[in-house]
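Please read it alongside the sequence and the coordinates.

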Amino acid sequence: MGSTWRYKTYFILFLVAFSGFYLVPTFLNFKAQREDLQKQKLDIPWYHKVFPADQINLGLDLQGGIYLELEVLFEDAIHNQVDLTVSALERFLEEKEVKGVKVTRVAKSDTIEMEFSDEASRSLVEGFFLKNYSEGYHKITKTPESVPETAPSAGLQVFYKMTDAQRVNLKDQTLNQAIETIRNRVDRYGVSEPAISRVGDNRVAVELPGETDPVRALSVIMQAGKLEFRLVDETPLKEDLATSVAKARAENKLLDDYSRETVEQINDALKGKIPEGTEVLFQLERDPKDKKITGGKPFLVKNKADVTGDMLKSAQVDIYQNKPVVSFTLKATGKKLFGELTEKNVGKNLAIILDGNVMSAPNIEEAIYGGSGQIKLGSGNYDQLLREAQDLVVVLREGALPASLKEATKTIIGPSLGKSSIQKGISAMLIAGAIVIIFMIFYYKLSGVVADLALGFNVLFILTLLAIFGATLTMPGLAGIILTMGMAVDANIIIFERIKEELAEGKKVVAAVEAGFSNAMSAIVDSNLTTFFIGIVLYQYGTGAVRGFAVTLMIGIATTMLTAIMVSRLMMEYLARKAKNQNVLSI
């Protein structure tokens with residue numbers, strides 16, 4: 001036996017020892033132990049630092065959890081985009097000091113209405129608009145079908161509608177942004193190995209393995225996260241605002257709730273009774289025990305936000321008067337605007353609005369130039385408020401969703417189902433492995449034992465690579481390992497049959513083994529390479545479980561090549577060279 005053989009042997013022994021060492025955290029489930037100890041605020045044992053932190057994660061189908069499909073409501077993003085265009089036009093009018101021009105978004109549409117008092121201002125504004133936004137909008141003629149909710153004007157009216165191409169681009173962009181925002185929120189939320197993917201043209205699938213609190217998870221994921229600071233309008237009304245809201249509900253037979261649709265209907269009913277450019281929003285009151293909404297205090301606020309969450313720099317949980325609150329700091333631009341806003345409106349109330357609900361409306365006692373403030377969370381026990389504050393910080397830090405989400409499907413997979421899946425998967429692996437081991441020993445005798453040892457090393461290496469890459473093992477992944485076991489044995493069968501042919505032709509054992517491996521290798525490489533390419537295609541175009549299967553399959557092919565080319569050959573060469581009778585091999 002030469003030095004090359006020894007080096008290869010040392011290399012294989014090193015791989016086996018390294019694999020055993022690397023898989024200790026997986027077999028002893030160090031991650032769950034650490035989480036339990038951290039929850040109990042206990043010290044983590046020293047030996048956790050000795051072993052790697054990586055381990056194989058179990059997928060949703062193996063450990064239970066939550067599967068969600070969320071529908072992205074694109075109209076919100078489209079309306080926001082049109083509103084941004086309107087704001088840009090308003091800034092242009094302000095810079096050029098153009099008077100007598102009104103620019104608005106037609107309610108519930110993607111159409112911009114421009115109203116001019118003379119041709120000169122029309123030419124100026126339309127010129128600016130066409131120069132900067134001609135690719136996203138096209139001019140339309142007003143008809144009851146095209147712009148149904150506009151009043152006739154005495155001046156010049158023109159309408160620009162978003163193009164279909166712009167809507168398609170915006171939808172695609174919105175969906176990608178929604179996926180990224182959800183991913184960031186879930187990562188911050190603390191679920192290990194979440195899977196977030198696009199489903200069709202308008203849905204996002206979210207898998208949260210191990211998650212046991214679906215209500216809280218949904219709250220964090222689906223909260224729009226739109227933060228605004230708007231001045232409270234204190235114009236005296238003919239009657240108390242709460243009375244006006246109650247009458248609007250009664251006269252229009254509106255639901256007694258505070259949903260987005262109902263609030264819009266209330267504002268539609270109050271048109272003409274509240275000042276133009278304002279709307280009614282509510283500060284919700286909740287039951288401290290079950291957090292159900294029990295009422296809402298109305299506020300009359302300006303339509304336009306003076307400072308938005310886009311200008312937020314940081315948010316964190318603080319304690320104020322023995323209650324958790326969310327403290328925030330604004331970026332430079334927001335700090336300047338916030339300073340100017342508070343300076344001009346000392347003595348007035350400023351509403352802090354999150355997702356259309358008034359969180360608080362503190363009085364501006366003095367100008368605030370530092371660009372920082374607090375969001376209070378209402379009533380409740382300390383732990384509940386702390387958890388709400390932590391979730392709100394996650395939402396604010398990761399930014400607002402580009403569009404609202406609607407729950408399409410929700411499946412809660414219980415731990416018992418996960419445990420059952422694991423048992424069935426492991427049983428399938430053990431049965432498949434036992435059949436292969438028995439068959440190989442029965443048919444190929446001592447050489448069959450070599451094939452079985454190589455098969456064991458193969459599975460060990462697959463698990464190690466899964467742990468190193470932090471991959472998630474799913475039920476299709478287990479199927480991929482079982483398939484790999486079959487392919488690995490198939491490679492050994494091809495080699496053994498070639499060795500038999502060489503022995504039948506009268507070659508000595510050592511020569512037959514060398515010739516058998518050399519002649520069989522091209523067939524083994526060809527078949528495994530073809531399957532590997534199929535795995536690449538599955539990974540590229542598949543989603544979720546299909547990808548998990550593809551990853552396991554590709555890793556399995558790589559380890560199969562290693563065990564077939566190196567491990568099996570080393571052992572067979574050892575047996576051949578140690579054989580007393582060079583004409584007989586146990587195969």
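Buried here means under 20% relative accessible area, exposed over 50%, and partly exposed in between, with a 1.4 Å probe and protein chains only. By that rule T342 is buried, because its relative accessible area is 0%. The model is predicted, so local features need pLDDT of at least 70 and side-chain atom pairs count only at pLDDT 80 or more, while totals for chains, interfaces and linings use all residues. Residues are numbered from 1 along each chain as its sequence is written, and side-chain values use heavy atoms, with hydrogens and water left out.

T342 lies in helix α10, residues 332-344 (helices are DSSP runs of H or I with at least four residues, strands runs of E with at least two, numbered from the N terminus). The side chain of T342 reaches the backbone oxygen of G339 at 3.1 Å. Leaving aside residues up to four places away in sequence, T342 touches I364, E366, A367 and I368, where contact means heavy atoms within 4.5 Å.

Across the whole structure, 21 salt bridges are found, each a side-chain nitrogen of Lys or Arg within 4 Å of a carboxyl oxygen of Asp or Glu.

| Pair | N to O distance |
|---|---|
| K161 and D110 | 2.9 Å |
| K139 and E126 | 3.3 Å |
| K507 and E502 | 2.9 Å |

Salt bridges that share partners join E75, D110, K161 and R167 into one network. K161 is partly exposed at 28%, whereas D110 is buried at 5%. K139 is likewise partly exposed, at 44%, and E126 is buried at 9%.

Note on methods:
Polar contact = N/O pair within 3.5 Å; in protein donor to acceptor, adjacent residues only side chain to side chain.
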